[in-house]
Amino acid sequence: MSAQTDVLNRYLFDNLHARGELVQLKQSYQAIINNHNYPAGVQQLLGELLAATCLLTATLKFEGDITVQLQGDGPVGYMSVNGNHQQEMRGIARLAEQTTALGLNALIGKGNMVITIRPEKGEPYQGIVALDQDTLAACLAHYFEVSEQIPTSIWLYADTEKQQMAGALVQLLPDSDTKEQQLEDYQHLCQLTDTIKEDEIFSLDAETLLYRLYHQEEVRMFEPQQVSYQCGCSADKCMQAISQIEPNELKNILAEQGEVSMTCDYCLTTYAFGDKELAIFTDELKH
């Protein structure tokens with residue numbers, strides 16, 4: 001069966017001490033890079049960050065928002081993907097200079113990955129990890145090792161020609177058995193997962209791929225979760241931002257430009273407001 005795109009699958013290995021995830025992305029990824037004239041290397045790294053954020057979100061038992069940012073002194077000064085537990089995602093990259101570079105270190109340079117989690121209930125919290133590994137997948141594995149202290153392996157895949165991305169995760173599940181057995185199970189599953197080929201992850205549906213990889217294990221799949229692009233911008237949010245501008249300043253902008261316009265950084269939609277829409281704010285001057 002052909003791969004279902006924009007789907008995240010979670011699964012448990014019943015007789016082993018580990019859990020797994022698989023995400024296959026196409027439309028949501030294309031929606032993020034469409035209209036932005038990102039160089040090829042930036043498109044790929046942003047896609048990897050999208051797949052990684054989907055995997056990371058699914059490991060967290062919370063309802064709320066997540067933001068994963070890459071910040072550094074390289075040609076790409078800032079890259080971010082944010083989404084929520086419903087796998088509604090958006091992403092952006094800001095370039096300090098045009099570049100043909102490829103790969104994490106060449107693009108971001110010396111920097112950090114900042115993971116911010118805002119649960120609907122409870123306090124927000126943040127984790128910061130240095131980008132001192134060769135790949136984004138290795139940096140995320142290091143994050144789990146340091147902050148969660150749970151052995152976790154991540155694989156990220158890119159098909160730049162067809163503009164699709166994918167990712168896989170295997171995580172140890174501590175329980176009452178011995179640590180040696182847990183690690184043995186985990187390493188065994190990592191070795192199997194390491195054999196995934198790019199043409200398989202982009203052409204097979206999750207069930208077929210998992211059977212091919214782990215047919216000797218008992219794998220229990222959960223209900224698949226749809227991943228979607230959700231920008232979140234709106235005319236109402238723009239109006240809220242405009243309401244913070246001093247009425248005098250607003251009148252000056254309207255006099256000079258005839259309108260106040262705002263363009264969303266993520267989807268590049270432009271919202272324009274004229275005298276009539278902004279009268280609610282400028283009329284304050286008349287009273």
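This is a predicted model: local features need pLDDT of at least 70, side-chain atom pairs count only at pLDDT 80 or more; totals for chains, interfaces and linings use all residues.

Leaving out residues up to four places away in sequence, I115 touches L56, I66, T67, V68, Y125, Q126, G127, L140 and Y143.

Now widen the selection to the nonpolar core. The largest one has 53 residues, and I115 is among the four that touch the most other members, along with L70, M79 and M113. Colour helix α2, residues 40–59, next: it gives the most to this core, eleven residues.

Then move to another core, which lies apart from the largest one. It has 23 residues, including F13, L16, L189 and L213.

Switch to rings. There are four aromatic pairs. Pick F13 and Y214: the ring centres are 4.9 Å apart and the planes meet at 85°, over the 60 degrees needed, so this pair is edge-to-face. F13 sits in strand β1 (residues 7–13) and Y214 in helix α7 (residues 206–214), so the pair ties together parts 201 residues apart in sequence. F13 is buried at 2% relative accessible area. Y214 is buried too, with 2% relative accessibility.

Jump to Y143, one of the residues I115 touches. Y143 pairs edge-to-face with F144, at 5.7 Å between centres and 70° between planes. Both residues, Y143 and F144, are buried.

Last stop: charges over rings. Select R10 and F222; the charged end of R10 sits over the F222 ring, 4.9 Å from its centre. Then select R90, which lies over the face of Y266 at 3.8 Å from the ring centre.

Terms used:
Residues are numbered from 1 along each chain as its sequence is written. Side-chain values use heavy atoms; hydrogens and water are left out. A nonpolar core is a set of buried Ala, Val, Leu, Ile, Met, Phe, Trp, Tyr and Cys residues joined through side-chain atoms within 4.5 Å. Buried means under 20% relative accessible area, exposed over 50%, partly exposed in between (1.4 Å probe, protein chains only). Helices (H or I, at least four residues) and strands (E, at least two) are DSSP runs, numbered from the N terminus. Contact means heavy atoms within 4.5 Å. Rings of Phe, Tyr and Trp (its six-membered ring) pair if their centres lie within 6.5 Å; planes under 30 degrees apart count as stacked, over 60 as edge-to-face and the rest as tilted. A charge sits over a ring if NZ of Lys or CZ of Arg is within 6 Å of the ring centre and within 35 degrees of the ring normal.
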